Amino acid sequence: RNPAHAESHYNLGVMCAVLKDEAAAEAAYRQALTVDGRHAGAAAGLASVCEARNQLEEAGHWLAIAMQQDPLDAVANLTQAQLDFRAGLYAQAVTRLQDLLQRPLSAVNRSLALGRLGMSYDRLGKYAQAFEAFMQAKQALREHWKPAPEDQLYGLSAASRMQKQFATLAGDTPPSVTAAQTAEPVFLVGFPRSGTTLLDQ
């Protein structure tokens, strides 16, 4: 109804990004900026897409526009922190992320900020702080995506179906393989930089 409504193009870009359709998100952000070249959200979203594609110079261009229009934009600050990290400016990234985490954020953005904070602490050799940040990042996502007991991907009914499927698969396993399976499987999980690779080796 109104092709010149920049906010609609921006919101379409956000939804495409959530659905992991990077090309469609980029197109929508660019259209929003064609309509309104000072749209902070669209500029920040496009900067994020460019950073993910290693188009760092263009990412910096759109970030400058986003930050000029809205210095508190969460996506712009997350992307700038990522660029700082990639440039080896770990202390600068920590400061930016700590400031960002003082403000209200969505659960996903909070988790991203905490994860990037953990990576920056890790590069600075502050391993205890890094582990704490990783733990908080995982907790934020866990609370956000907490599944209901039933009818969810990792609900009890899904676990029951998987258990039945495993039994069916075991019946189709050749005897030589079955005889070799004398122990329960072991799953190695953990935060980044917590020692899972060493444990596996």
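1. Helix H5 (residues 74-86) packs against helix H7 (residues 107-123) with the axes 11 Å apart and an angle of about 20 degrees between them. Since angles under 35 degrees count as roughly parallel, H5 is therefore roughly parallel to H7. The crossing of the two helices is left-handed. Keep in mind that this is a predicted model.

2. Who makes the contact? From H5 come Ala 74, Val 75, Leu 78, Thr 79, Gln 82 and Phe 85. H7 answers with Asn 109, Leu 112, Ala 113, Arg 116, Met 119, Ser 120 and Arg 123. Sorted by class, that contact of H5 with H7 holds seven nonpolar residues, four polar ones and two charged ones.

3. Stepping back to the protein as a whole, the secondary structure amounts to eleven helices and zero strands. Reading along the sequence gives α-α-α-α-α-α-α-α-α-α-α, and H5 and H7, the pair in my opening point, pack within that run.

4. How much of the protein is buried? Of its 201 residues, 33% count as buried. The accessible surface comes to about 13100 Å², and carbon and sulfur atoms account for 56% of that area.

5. A last point, on contacts along the chain. Take the contacts between residues at least 6 apart in sequence: 44% of them join residues at least 24 apart.

Terms used:
Residues are numbered from 1 along each chain as its sequence is written. This is a predicted model: local features need pLDDT of at least 70, side-chain atom pairs count only at pLDDT 80 or more; totals for chains, interfaces and linings use all residues. Side-chain values use heavy atoms; hydrogens and water are left out. Helices (H or I, at least four residues) and strands (E, at least two) are DSSP runs, numbered from the N terminus. Buried means under 20% relative accessible area, exposed over 50%, partly exposed in between (1.4 Å probe, protein chains only). Contact means heavy atoms within 4.5 Å. Accessible areas come from the Shrake-Rupley method with a 1.4 Å probe; for residues, only the protein chains shown count as cover. Axes are lines fitted to C-alpha atoms, for helices over the stretch in contact, and angles run from 0 to 180 degrees between N-to-C directions. Angles under 35 degrees count as roughly parallel, over 145 as roughly antiparallel, 65 to 115 as roughly perpendicular and the rest as oblique. A crossing is left-handed if the near helix is turned anticlockwise from the far one by less than a right angle, and right-handed if clockwise. Ala, Val, Leu, Ile, Met, Phe, Trp, Tyr, Cys and Pro count as nonpolar, Asp, Glu, Lys and Arg as charged, and the others, Gly among them, as polar.
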